[in-house]
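Hi everyone, thanks for making time for this. I'd like to walk you through one structure, so please have the viewer open and follow along.

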Amino acid sequence: MTLRIGIIGCGYKGGDHIDRVANQINGATLAGVADIKQERAEKYAKKYGCKHFQSGEELIASPDIDAVMVVTRPHDTHVPFVLKSLEVGKYVFTEKPLSTSAEDCKRVVEAETKIGKRLVQVGFMRRYDNGYRQIKQAIDEGTYGKPLLLHMTHRNETTVSDYYDNDAIVETAIHECDIMHWLVGSDYDKVSCFIPAAQTRYTHEGLKDPQCMTFDTKNGIHGDLEVFVNNHNSYDINCEVVCEEGTISLTSPIFSKVKTQEREQTAIPENDSYRFRQAFDSEIQDWVNGVLADHLNPTAPTTWDGLMACVAADALEKSRDNGFVREPVVLPERPELYKNK
Ligand code: ISE
């Protein structure tokens, strides 16, 4: 069987996934697209000879679509499409964040728990990145002793103009909210967000840039994170894990280097599509394989992971607004469906 995928959202990330599904993924075909801006959907429908649906709801309800991908903006449009897909019993992949608030994510947890089967995968693609995977393996196997500290930086070259303070947390730091607890295998105890006085001149009134965050897990590991989204140099993602007997760090994919005029140069990626291409390809292939097997990979990011990240993000926002105190991260009880992963 070839899985007929429908994609809602044809913007920057949507376009990337559309090209991926149409050209890259085994066992699937791009069957339809929808976007609130009709001309964007029309463009891709023409490019790939697939159906153009007038709305996301129409795409989800169509008998020509087996499984749905939600890649819309703003991010609080994800949950309604995810819930609609669950209503008609279709598998759905949604880009991160699952939503912009934990309350909203809980509605998906409830709906999926009622069905009693995992139908949702959340787009925390970093879990599929070969670098993060090597780090996780070393931590799990205790190769360098136990992990003590994580130093993380999340830097973007520039942002879109409608990107504000909360986006630095719920759109950007949400990746670290997910990856750190996954790497060290422990839920968060407390998090904090601090705004340093020195701010880049390239930001605007609604966006503090850079921002500094901390994460402390229940098993006592401390992480610090710099979010700097107008760094005016490159897409620069770093993660260094300090263990008892060694440190492990991510490197960017580098395929060549230049030596010239007594200097050695390597390129740094300019955006996430390039930096995490291997991770994006692997996550979508994993989702497709899961849907075709009628059983999502138990290690793929779940609705619960989407909720956990949003609970941490909510606590970060609270800390930022309440004088940078360390805020507790309080999770509801984990339903059976999301245990033993
Ligand atoms: C974007 O939505 C992403 O997911 C990128 O990975 C992140 O670096 C960027 O800050 C976000 O805006």
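This is a predicted model: local features need pLDDT of at least 70, side-chain atom pairs count only at pLDDT 80 or more; totals for chains, interfaces and linings use all residues.

**A walk along the chain**

UniProt, in an unreviewed entry, lists residues 3–124 as "domain: Gfo/Idh/MocA-like oxidoreductase N-terminal".

Now for helix packing. Two packed helices are described by the angle between their axes and the distance between the axes. Take helix H4, residues 78–87, and helix H5, residues 102–115: their axes are 10 Å apart and the angle is about 10°. Because angles under 35 degrees count as roughly parallel, H4 is roughly parallel to H5. On the H4 side the contact is made by Val-79, Val-82, Leu-83 and Leu-86, and H5 brings Asp-104, Arg-107, Val-108, Ala-111, Glu-112 and Ile-115. By class, that contact has 7 nonpolar residues, 3 charged and no polar ones.

Next, look at helix H6, residues 130–141, which packs with H7 at an angle of about 35°, the axes being 8 Å apart. Tyr-132, Ile-135, Lys-136 and Ile-139 of H6 meet Ile-179, Leu-183 and Val-184 of H7. This contact of H6 with H7 divides into 6 nonpolar, no polar and 1 charged.

Staying with H7, let me turn to the ligand. Which residues are around the ligand? They are Asn-156, Glu-171, Thr-172, His-175, Val-229 and Asp-272. Helix H7, residues 165–184, supplies the largest share of this shell, 3 residues. Sorted by class, the shell has 3 polar, 2 charged and 1 nonpolar.

On to Thr-153, which sits in strand S7, residues 147–155. Leaving out residues up to four places away in sequence, Thr-153 touches Glu-226, Asp-236 and Asn-238. The C-alpha atoms of Thr-153 and Ile-237 are separated by 5.7 Å, yet these residues are 84 apart along the chain.

Finally, some backbone geometry for those of you who like to check torsions. Most residues other than glycine have a negative phi, and most peptide bonds are trans. Against that background, the peptide bond from Arg-73 to Pro-74 is cis, with omega near -5°. Pro-74 is in the loop between strand S4 and H4. Lys-96 and Pro-97 are also joined by a cis peptide bond, with omega about -15°, and Pro-97 is in the loop between strand S5 and H5.

As for phi, His-232 is not a glycine but has a positive value of about 55°. His-232 lies in the loop between strands S10 and S11, and it is exposed because it has 12 other C-beta atoms within 10 Å. Asp-294, also a residue other than glycine, has a positive phi near 55°. You'll find Asp-294 in the loop between helices H9 and H10; with 8 C-beta neighbours inside 10 Å, Asp-294 counts as exposed.

That's my tour, and I'm happy to take questions.

Note on methods. Residues are numbered from 1 along each chain as its sequence is written. A residue is near a molecule or strand if its C-beta atom, placed from the backbone, lies within 6 Å of it. Helices (H or I, at least four residues) and strands (E, at least two) are DSSP runs, numbered from the N terminus. Ala, Val, Leu, Ile, Met, Phe, Trp, Tyr, Cys and Pro count as nonpolar, Asp, Glu, Lys and Arg as charged, and the others, Gly among them, as polar. Two residues are in contact if their C-beta atoms, placed from the backbone, lie within 7 Å. Axes are lines fitted to C-alpha atoms, for helices over the stretch in contact, and angles run from 0 to 180 degrees between N-to-C directions. Angles under 35 degrees count as roughly parallel, over 145 as roughly antiparallel, 65 to 115 as roughly perpendicular and the rest as oblique. UniProt positions are given in the numbering used here, feature names are shortened, and annotations may be inferred rather than shown by experiment. A residue is buried if 20 or more other C-beta atoms lie within 10 Å of its own, exposed if 12 or fewer, and partly exposed in between; C-beta atoms are placed from the backbone.
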